[in-house]
Amino acid sequence: MKIIMLGAPGAGKGTQAKMIAEKYSVPHISTGDIFRANIKSGTALGMEAKQYMDQGMLVPDELTVRILLDRVAQEDCKAGYVLDGFPRTIPQAEVLEKELHKLGEKIDWAIDVDVPDENIIRRMSGRRACLSCGATYHMEYIPPKKEGVCDTCGSDLVLRDDDKAETVKKRLDVYHEQTQPLIDFYTDRNILRTVDGTLSMEDVFAAIVAILD
Ligand code: AP5
Ligand code: MG
Ligand code: ZN
């Protein structure tokens, strides 16, 4: 099962992708998480990606595509995966389609988690992320058991550098300009399904499971 999660920044792609990965036993692959892990450990890739991410811009396609293709070539991806935050531009989607085609494979579903811009800013300011294991919380909607501490691994939770209000606005602009065209791209291929991302986390997941099952 190969799934793509589409949606604006903060729509809940990561939250749902983790739940899908667990239920269907496939890896959750987030290019954003890969970049953040590299920033945290100070790699050259991390340093390069950070320059773009902190400004709310996309990391160049060439770099992002290389990382993603390396990741999906790994052994644990044989039975499928859920992609979260990739593709994000038409060129990325085209490369992915072409590379999968060479292997006789294809994406099964592209799920668009639809949330209006007004709701996004509120979600981002309350988000707290664990940079060690990638878990995500919301101070109001999905709080950790102990304030400021990850339930899963016990690390400190942080506000992401790109979750400041001005940067979120920039990310939304970039989304509308460069990523939203993917909705038509996957509609044309008959694999786009839209879910209402303003519902509770459990209700959004139920809608996704109804599509996948
Ligand atoms: P990335 O990490 O992918 O960020 P993003 O797309 O902006 O998405 P987010 O992670 O911010 O949101 P999400 O949809 O995962 O929402 P979440 O589940 O956390 O990318 C970061 C940067 O990396 C990019 O800006 C770019 O620079 C670079 N990058 C990454 N991939 C790239 C690519 N392919 N090409 C180029 N550059 C790339 O939920 C948000 C909040 O809401 C959380 O607090 C959560 O707890 C809460 N929440 C979730 N669901 C609900 C619900 N149903 N009700 C209430 N609250 C909810
Ligand atoms: Mg995410
Ligand atoms: Zn953690």
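**The surroundings of ligand 1**

Tutor: In the shell around ligand 1, one of the ligand's nitrogen atoms lies 2.9 Å from a polar side-chain atom of Gln92. This is a polar contact, that is, a pair of N or O atoms within 3.5 Å; within protein, one must be able to donate a hydrogen and the other to accept it, and residues adjacent in sequence count only if both atoms are side-chain atoms. The model is predicted, and local features need pLDDT of at least 70, side-chain atom pairs count only at pLDDT 80 or more, while totals for chains, interfaces and linings use all residues. Residues are numbered from 1 along each chain as its sequence is written, chains are lettered from A and ligands numbered from 1 in the order in which they are written, and side-chain values use heavy atoms, with hydrogens and water left out.

The backbone also takes part. A polar backbone atom of Met57 is 2.6 Å from an oxygen atom of ligand 1, and a polar backbone atom of Tyr137 is 2.8 Å from an oxygen atom of ligand 1. Of the 1000 Å² of accessible area that ligand 1 has on its own, the protein covers 96%; such areas come from the Shrake-Rupley method with a 1.4 Å probe, and for residues only the protein chains shown count as cover.

Around ligand 1 there are 35 residues, of which Thr15, Met57, Arg88, Arg127 and Arg171 come nearest; a residue is near a molecule or strand if one of its heavy atoms lies within 4 Å of it. By class, this shell has 15 nonpolar, twelve polar and eight charged residues. Here Ala, Val, Leu, Ile, Met, Phe, Trp, Tyr, Cys and Pro count as nonpolar, Asp, Glu, Lys and Arg as charged, and the others, Gly among them, as polar.

As for secondary structure, α1 (13-24), α2 (31-40), α6 (117-126) and β6 (136-138) each supply at least two residues of the shell. Helices (H or I, at least four residues) and strands (E, at least two) are DSSP runs, numbered from the N terminus. The largest share, four residues, comes from α2.

Two of the nearest residues, Arg127 and Arg171, also belong to a network of salt bridges that share partners, together with Arg160, Asp162 and Asp163. A salt bridge is a side-chain nitrogen of Lys or Arg within 4 Å of a carboxyl oxygen of Asp or Glu, and the structure holds 14 of them.
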